[in-house]
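Student: I would like to learn how to read a structure feature by feature. Where do we begin?

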Amino acid sequence: EQFAWKNRRFITAAVRIDGNSAFGKEFSAVYYPKFSASWVVSEEPFLANKSWIPQLKLRSAWGKAGNQPDVFSAIRTYQAKVGHLGNGVVTPQNFGNSDLKPEVGQEFEIGFDAGLLKQRMAIEFTYYDKKINDAILSIPLKPSGGFPGFSFVNIGQTRNKGVELAVDVSPLAAKNLGLDLRFTIAKNDSKITDMGGVPPAIVTFASQYNVQGFAPASFFLKKVVSAT
């Protein structure tokens, strides 16, 4: 649903419901609400017709979104093979996790878009903070269990926050010649805040792990403390 007032204040609300056969048998459906609002301040009477700031829009949003598991992540499967003397056999393929749930992200962001100096300069700024609950990670299986590869599990929470800033400048705008410059800067902080009881686990390479307090799939190397 979308609402507008005097073509300068806007509100949007929505909800999405997902049910998927890739979810574990203990989980049914998940709900994703979302809201956003924006205010075109430059259309207000106190800023209308101001040449030094012809455009200014404030915006904010909050919502949830999800990431479903792979198709057979929750199901234990086997695959057909040719065995001894050509006999047909089956071997383990996918371990499965009947408790697997979708990971649910919740994000808040706020920012503004501004046009300055008769639109010769434009500024875009955004701050965001995203938390993912029940994040899906692949954990290697112990060879003694008889199943190869990895199993997908839900951990507690990951967090991703940062800022983005972009500045556009048009120092030259002649009849047959123009020059546009764009500057961007961004900062991001991503980390696992809760492993949900799952121990630190190797990802792909021997030195790449998922560890609480560090970014997902961080690299860890041994520190040389003495050369003697």
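**Surface, core, charges and sheets**

Tutor: Phe183 is partly exposed, with a relative accessible area of 49%. Buried means under 20% relative accessible area, exposed over 50%, and partly exposed in between, with a 1.4 Å probe and protein chains only. This is a predicted model, in which local features need pLDDT of at least 70, side-chain atom pairs count only at pLDDT 80 or more, and totals for chains, interfaces and linings use all residues. Residues are numbered from 1 along each chain as its sequence is written, and side-chain values use heavy atoms, with hydrogens and water left out.

Student: Which residues make up the largest nonpolar core?

Tutor: In soluble globular proteins, nonpolar side chains tend to be buried together. A nonpolar core is a set of buried Ala, Val, Leu, Ile, Met, Phe, Trp, Tyr and Cys residues joined through side-chain atoms within 4.5 Å. The largest one has 10 residues: Ile132, Ala135, Leu137, Ile139, Val153, Ile155, Ile192, Met195, Val198 and Ala201. A second, separate core of 8 residues includes Ile53, Ala114, Leu116 and Val167.

Student: How many salt bridges does the structure hold?

Tutor: Side chains of opposite charge can pair when their charged atoms come close. A salt bridge is a side-chain nitrogen of Lys or Arg within 4 Å of a carboxyl oxygen of Asp or Glu. The structure holds 8. One of them joins Asp113 to Arg59, with the closest N and O atoms 3.0 Å apart. Asp113 lies in strand 7 (residues 103-116) and Arg59 in strand 4 (residues 55-67), so this pair ties together parts that are 54 residues apart in sequence.

Student: Is Asp113 buried or exposed?

Tutor: Asp113 counts as buried, because its relative accessibility is 18%. In another salt bridge, between Arg159 and Asp129, the closest N and O atoms are 2.5 Å apart. That pair links distant parts of the chain, with Arg159 in strand 11 (residues 157-173) and Asp129 in strand 8 (residues 121-133), 30 residues apart. Arg159 is partly exposed at 27%, whereas Asp129 is buried at 14%.

Student: What is the strand order in the open sheet of 3 strands?

Tutor: Strands of a sheet pair through backbone hydrogen bonds, either parallel or antiparallel. Two strands count as paired if DSSP finds at least two bridges between them. The order is 13-14-15, with antiparallel pairing. Strand 13 (201-202) and strand 15 (218-219) stand at the edges with a single partner strand each, so one side of each is left without a neighbour in the sheet.

Student: Which residue in strand 15 is the bridge partner of Tyr209?

Tutor: The partner is Ser218. Strand 14 (residues 208-210) and strand 15 are joined by 2 bridges.

Methods
Helices (H or I, at least four residues) and strands (E, at least two) are DSSP runs, numbered from the N terminus.
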